[in-house]
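Below is a short briefing for a reader new to this structure. Please look through the sequence and the model before reading the notes.

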Amino acid sequence: MNSVATFRQGIYKSEVVRRVARWLDAMPHPPIAIEIAPDRVAAVRWTRTGSVDAFAVEAIAPGALIPSAVETNIVNLPVVRGAVAAVVDRLRAKDDDAALLLPDPVIRVFVQHFEQFPRSAQEAIPMLRWKLKKSVPFEADETLISYMRQAPREDGVDVVTALARLRIIREYEALAENVGLYPGVVLSSSLAAVALLENEKPTLLARVSGSALTTSIVREGVLCGYRCTELPAHGATLTPQMLLEEIFPVAAYYQDTWGEGINSVRVAGLGVRTAEFVRPLEEEFHCDVHSLLHTAVSEGRIPADARPLADRELEGLVGWMLNRG
C-alpha cells in the first residue's frame, strides 16, 4: 500500500532535520488534501504552482464518526462516505493522489530522548516497537510506525514517533479509494497545523476538535511536547478550567525538562468562544494568548488565496498548505 509505505517512512524520517516545517515539507504533497474531523469533511485542490484552486466543506451528522486509536471510527459509513464523495465531487477530483489529515486520536505521537539511536530504519523500527509496546493499546504486528530524528535538548538524540493501528488507517484510506483517489500521505491534523506556529520562542498550541484536545509545544522548530486527550466536555459545556487542567501536564513537563516557561500560547478549534478562554490562559501562563489562525493571518503568513480556509477554521489544511514546498 502506497500510503502505508509513506506512513512507515516517517512523520518524515531524516537524520539532519531540525525544524518541524522541514520534515513536513519533505513529504510528498499531492494536489488534493482531505481533512476528516468528527463534525465535517474538508478538501482542497491546489494548482501546479501551489495556490488554492478550490475547496469544499461538508458537515457530518453527530456520532457518524467517532475517532479512536483502537475501535472502529466510522460508525455510519453511508453518511461519512457521502460527505467525502460530496467534497471530492465539488473539487472535480478523480484518479488523483491525495493526502489524508486524520483526527488526532487516531495517531499516537511520542517525543522521546535516547542516548544512542540506530542510524538505519531496519534497527530503529524494532527498537521503537519494543520501547513503546506498553504505550499503545494494540499489538505490534498490526501497528504502523514512523519516526523522525530532531535536534536534542542535550547530548543524544530526540525522536518523534507516530503509531497507528493498520485497521483504523485502512478505514480512512478506503473512503478516498471509494471516490477514485489514491491516499499517498497520512498525517494527524494537529501535526499539520503545527506549521502555523512561530518558531523563535517556546509556543504552546491547544487545539480542540470534537471532544479531543491536542496540546503541543514547539521551540525553534523542534517538537518538544505532544499530548492528545479526551476532554470531559466539549462545545458549549467546555470551561476554561477544564481546558487548563488538560494543558497543564504538557506545560509542566516542558518547564521541568527544558528549564524555561512558555512564551506564547495559540488556541484553535474554539470558534466564537475563543475570547472566553484567552484571559484565564493569560493568567496561568503570563504570556500572550491568541487564536492560531488569526495570528497567522495578521502576521501575513497565510496567503490571500488561503484566507477562505482560515475563515472556515481549517487550520490543518492551511498548515499543510504552508509546507507544500
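In strand 12 (residues 264-268), alanine 268 is the bridge partner of arginine 207. Helices (H or I, at least four residues) and strands (E, at least two) are DSSP runs, numbered from the N terminus, and two strands pair if DSSP finds at least two bridges between them. The model is predicted, so local features need pLDDT of at least 70 and side-chain atom pairs count only at pLDDT 80 or more, while totals for chains, interfaces and linings use all residues. Residues are numbered from 1 along each chain as its sequence is written, and side-chain values use heavy atoms, with hydrogens and water left out.

- Leucine 205 stands opposite arginine 266 in strand 12.
- Strand 10 (residues 212-219) runs antiparallel to strand 9 and is joined to it by 7 bridges.
- On the strand 10 side, valine 208 stands opposite leucine 213.
- Strands 9 and 10 form a hairpin with 2 residues between them, and glycine 210 in the turn has a positive phi of about 65 degrees.

- An open sheet of 5 strands has the order 11-10-9-12-13, with mixed pairing.
- Strand 11 (222-230) and strand 13 (288-291) are the edge strands, each pairing on one side only.
- From one strand to the next, the twist averages 15 degrees.
- Helix 7 (residues 240-258) packs on the sheet and touches strand 9, strand 10 and strand 11 (contact means heavy atoms within 4.5 Å).
- The direction of helix 7 makes about 25 degrees with that of strand 10 (axes are lines fitted to C-alpha atoms, for helices over the stretch in contact, and angles run from 0 to 180 degrees between N-to-C directions).

**The largest pocket**

- The largest pocket holds about 750 Å³ of space (a volume is the space filled by probe spheres set on the grid points, which are joined across faces, edges and corners).
- Of the 34 residues lining this pocket, Asp39, Val208, Ser209, Gly210 and Gly269 are the closest to its centre.
- A pocket is an open set of points on a 1 Å grid over the protein atoms alone, where a 1.4 Å probe fits, with protein on both sides within 12 Å along at least five of seven lines; lining residues have an atom within 4 Å of a point.
- Strand 1 (32-36) and strand 9 each supply at least two residues of the lining.
- Strand 9 gives the largest share of the lining, 3 residues.

**Other sites**

- Arginine 45 lies in strand 2 (residues 40-46) and is buried, with a relative accessible area of 14%.
- The side chains of arginine 45 and aspartate 96 make a polar contact at 3.2 Å (a pair of N or O atoms within 3.5 Å; within protein, one must be able to donate a hydrogen and the other to accept it, and residues adjacent in sequence count only if both atoms are side-chain atoms).
- Leaving aside neighbours within four places in sequence, the contacts of arginine 45 include Pro31, Ser51, Leu91 and Asp96.
- Proline 62 sits in the loop between strand 3 (52-59) and helix 3 (77-90) and is exposed, with a relative accessible area of 83%.
- Helix 11 (residues 315-322) is largely enclosed by the rest of the structure, because 7 of its 8 residues are buried.
- Among the buried residues of helix 11 are Leu317, Trp320 and Met321.

How values were computed. Buried means under 20% relative accessible area, exposed over 50%, partly exposed in between (1.4 Å probe, protein chains only).
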